[in-house]
Amino acid sequence: MKLQGKTIVVTGTGSGIGAETARCLRAGGARVIGIDRQDPVITLDGFVKADLSEQVAIDAAIKQLPARIDALANVAGVPGTAPVDAVARVNYLGLRHLTLKLLERMGEGGAVVNVASILGAEWPQRLARHRALAETNGFEAGLAWIAKNAVPQETCYQYFKEALIVWTLTQAQKIFLGRGVRMNCVAPGPVFTPILGDFVTMLGPERVQKDAHRMKRPALADEVAPVIAFLCADESRWISGANLPVDGGLASTYV
Ligand SMILES: NC(=O)c1ccc[n+]([C@@H]2O[C@H](COP(=O)([O-])OP(=O)(O)OC[C@H]3O[C@@H](n4cnc5c(N)ncnc54)[C@H](O)[C@@H]3O)[C@@H](O)[C@H]2O)c1
């Protein structure tokens with residue numbers, strides 16, 4: 001993969017898929033700057049400690065990032081066992097804010113990869129709502145929209161992953177045509193990381209049992225990271241506006 005010389009910002013480098021993505025990108029020759037609220041667990045080329053649920057903290061982090069970047073991998077996320085407000089802020093509003101700001105530092109050949117989830121697959125059922133949220137202008141406006149359109153705790157993780165997929169799909173072509181920057185999602189199925197247990201709690205034993213029979217096993221983080229790296233690399237230069245499942249075939253079993 002052509003990653004040599006690229007400067008890539010990765011969120012969520014403190015654990016799981018984000019740490020593995022950073023390792024994989026660095027192995028390919030990229031310079032990786034991590035952002036996380038937790039200290040890094042692997043070697044990085046730069047690191048900014050920040051809480052990605054707060055607009056002010058994100059803006060402060062952006063000031064510490066290089067003036068020119070080639071790609072952004074938005075991996076940081078919280079499970080649906082976290083409060084709805086945190087899920088909305090980290091998995092959607094903060095990600096969107098960071099991305100829109102960093103797009104200004106990217107040029108032709110740039111790439112954004114957003115880590116969604118297999119649990120975002122039902123976005124077509126709520127397309128109008130997700131489009132309306134996607135059209136809100138900025139972090140505060142997004143928060144205000146969510147306050148008026150309450151999202152239940154039980155389904156908030158799925159809801160904001162769906163919203164992320166719809167936002168990505170509605171923005172991708174505008175960004176590609178305007179700036180030459182591609183934007184895609186990857187949609188992992190279950191992955192062996194510290195939050196896998198939270199997903200089991202969140203979904204309940206019945207759903208977990210149902211899915212267990214449909215798949216070989218949860219993925220390892222190093223089976224997801226190379227796909228994120230590929231979508232950052234020049235080899236994927238004609239892929240934009242895609243939501244790529246990385247789930248060992250699990251999503252296909254719902255047909
Ligand atoms: N593990 C799975 O089964 C699975 C499945 C599908 C999608 N995902 C998604 O993959 C992404 C990575 O998750 P993971 O499994 O590696 O989990 P993880 O808990 O191992 O890593 C998440 C990282 O995000 C960081 N983070 C969380 N909130 C933050 C905040 N407010 N500010 C800054 N950093 C913050 C954490 O500190 C952590 O380092 C998430 O977006 C998650 O929703 C995970």
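Mentor: Gladly; we will take the sheet, then the helices, then the ligand.
This is a predicted model, where local features need pLDDT of at least 70, side-chain atom pairs count only at pLDDT 80 or more, and totals for chains, interfaces and linings use all residues. Residues are numbered from 1 along each chain as its sequence is written.

Trainee: What makes strand 1 and strand 2 a pair?
Mentor: Strands (E, at least two residues) and helices (H or I, at least four) are DSSP runs, numbered from the N terminus. Two strands pair if DSSP finds at least two bridges between them. Strand 1 (residues 7-11) and strand 2 (residues 31-36) run parallel and are joined by 5 bridges, so they pair. Threonine 7 stands opposite arginine 31 in strand 2.

Trainee: Why does one side of strand 3 and of strand 7 lack a neighbour in the sheet?
Mentor: The open sheet has 7 strands in the order 3-2-1-4-5-6-7, with parallel pairing. Strand 3 (46-49) and strand 7 (243-246) stand at its edges with a single partner strand each, so one side of each has no neighbour there.

Trainee: Which strands does helix 6 lie across?
Mentor: Helix 6 (residues 156-179) lies across strand 5 (111-115), strand 6 (182-188) and strand 7.

Trainee: How many residues surround the ligand, and of which classes?
Mentor: The ligand is surrounded by 27 residues, where near means a C-beta atom, placed from the backbone, within 6 Å. The shell has 14 nonpolar (Ala, Val, Leu, Ile, Met, Phe, Trp, Tyr, Cys and Pro), 3 charged (Asp, Glu, Lys and Arg) and 10 polar residues (the others, Gly among them). Helix 1 gives the most, with 3 residues.

How values were computed:
Two residues are in contact if their C-beta atoms, placed from the backbone, lie within 7 Å. Axes are lines fitted to C-alpha atoms, for helices over the stretch in contact, and angles run from 0 to 180 degrees between N-to-C directions.
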